[in-house]
Amino acid sequence: MTNERSDAEQPVEVNGGEAAVVGLPRPASLESASGLWNRLRPVYEGLVHFSLFICASISVLVTVGIVIILLYESVKFFYDVPVLEFLTGTEWTPLLKPQHFGILPLLCGTMLVAGGSALVAVPIGLGTAIYLSEYASPRFRDIVKPILEILAGIPSVVYGFMAIVFVSPIIRQIFPSAGVFNAASACVVVGIMILPMIISLSEDILQSVPISLRAAASALGANKFEVTVRVVLPAAMSGIIASFLLAISRAIGETMAVTLAAGATPKLTLNPLESIQTMTAYIVQVSLGDTPAGTIEYRTIFAVGLALFVTTMTMNVIAQYILSRVGERYE
């Protein structure tokens, strides 16, 4: 009895030890599926392109909407308050009589908290990042780094409460002239808040420095400290500066911790032991609902928000300029 083979079961001929390629007919179902996919592919790719375009446009539209609202309400505010008085005035009492609308006390308080928190976080954060990247064992790094990043998940109101019940009493014991609410306690807790950002970003940047640079420096006789300070840090400087500026921007925009720790006294001072008020803290104060909408006191929210937006944008422009110069130096 002879077994007949179909076309799909034809034996493969072997010539000189190599298997010849035999073209087998494709099933009709596969042919129809391939044809359907070719017809639907332009539609599918068009839908994907449109979806990605919508996702990219949302952030732009939200930003434009925020800017439009800030400008619209701020223009109404500046109809009643001269821009020069707003930018150069040294008193901020829009909710009291007589009213004064000088933004300098709020701006000074914001910069005082941002600068003080940077003094706390930058040395500790950079030192921790260098240790984790260059000196710590992989096992120790894998344990400690996630623990440090947990700090970023703690709500800011918890930091503010910690400043009132723990940090501020210590500061008052060291400096008896300090008030219950003071800028120093706000600087400490905000500095702790931005530590994970500096540590995580700086450590990732240091880890990304090519091993060949370390090996070359070691081959020239440099020890571990010299390799870290003279080779690794300069090579990663642009990314480290970026982490600093990003953390400071976070400190400028911090609200609840500063509101609880620093108080609500708009004062033009550089003394960290006194109570101050930041721009974000003032927005929280007026947004509680006690100020009628449409009044000049209500529109101060948008004027202060516009000033905060311009301040943050200016910092971003300066950061891009610094990063471009440092990046060109170490390329």
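**View 1. Leu126, Ile130, Glu134 and Tyr135 from helix H3 meet Lys224, Phe225, Thr228, Val232 and Leu233 from helix H8.** Sorted by class, the residues of this H3–H8 contact (heavy atoms within 4.5 Å) are six nonpolar, one polar and two charged. For the classes, Ala, Val, Leu, Ile, Met, Phe, Trp, Tyr, Cys and Pro count as nonpolar, Asp, Glu, Lys and Arg as charged, and the others, Gly among them, as polar. This is a predicted model, so to speak for every view here: local features need pLDDT of at least 70, side-chain atom pairs count only at pLDDT 80 or more, and totals for chains, interfaces and linings use all residues. Residues are numbered from 1 along each chain as its sequence is written, and side-chain values use heavy atoms, with hydrogens and water left out. H3 covers residues 104–135 and H8 covers residues 224–235; they pack at an angle of about 115°, with axes 12 Å apart. That makes H3 roughly perpendicular to H8 (65 to 115 degrees; under 35 is roughly parallel, over 145 roughly antiparallel, the rest oblique). Helices (H or I, at least four residues) and strands (E, at least two) are DSSP runs, numbered from the N terminus. Axes are lines fitted to C-alpha atoms, for helices over the stretch in contact, and angles run from 0 to 180 degrees between N-to-C directions.

**View 2. H8 also packs against helix H7 (residues 211–219), with axes that come within 10 Å and cross at roughly 150°.** H7 and H8 are therefore roughly antiparallel to each other. Their crossing is right-handed. On the H7 side, look for Leu213, Arg214, Ala217 and Ser218; on the H8 side, for Val227, Val231, Val232 and Ala235. The H7–H8 contact residues split into six nonpolar, one polar and one charged.

**View 3. Helix H4 (residues 138–149) and helix H6 (residues 183–207) pack at about 145°, with their axes 9 Å apart.** H4 passes H6 in a left-handed crossing. From H4, Arg141, Lys145, Leu148 and Glu149 meet Pro196, Ile199, Ser200, Glu203, Asp204 and Gln207 of H6. The class tally for this contact is three nonpolar, two polar and five charged residues.

**View 4. Ring pairs tie Phe77, Phe78, Phe86, Trp92, Phe101 and Tyr282 into a cluster.** The model has nine aromatic pairs, going by ring centres within 6.5 Å for Phe, Tyr and Trp (its six-membered ring); planes under 30 degrees apart count as stacked, over 60 as edge-to-face and the rest as tilted. Phe77 and Phe101 sit edge-to-face, 5.7 Å centre to centre with 75° between the planes. This pair links distant parts of the chain, 24 residues apart: Phe77 is in helix H1 (residues 28–80), and Phe101 is in the loop between helix H2 (83–88) and H3. Phe77 counts as buried because its relative accessibility is 0% (buried is under 20% relative accessible area, exposed over 50%, partly exposed in between, with a 1.4 Å probe and protein chains only). Phe101, at 6%, counts as buried too.

**View 5. Trp92 and Tyr282 form an edge-to-face pair, 5.1 Å centre to centre and with 85° between the planes.** Here the partners are 190 residues apart and link distant parts of the chain: Trp92 is in the loop between H2 and H3, Tyr282 in helix H11 (residues 279–286). Trp92 is at 3% relative accessibility, so it counts as buried. Tyr282, at 1%, also counts as buried.

Notes. Left-handed = near helix turned anticlockwise from the far one by under 90°.
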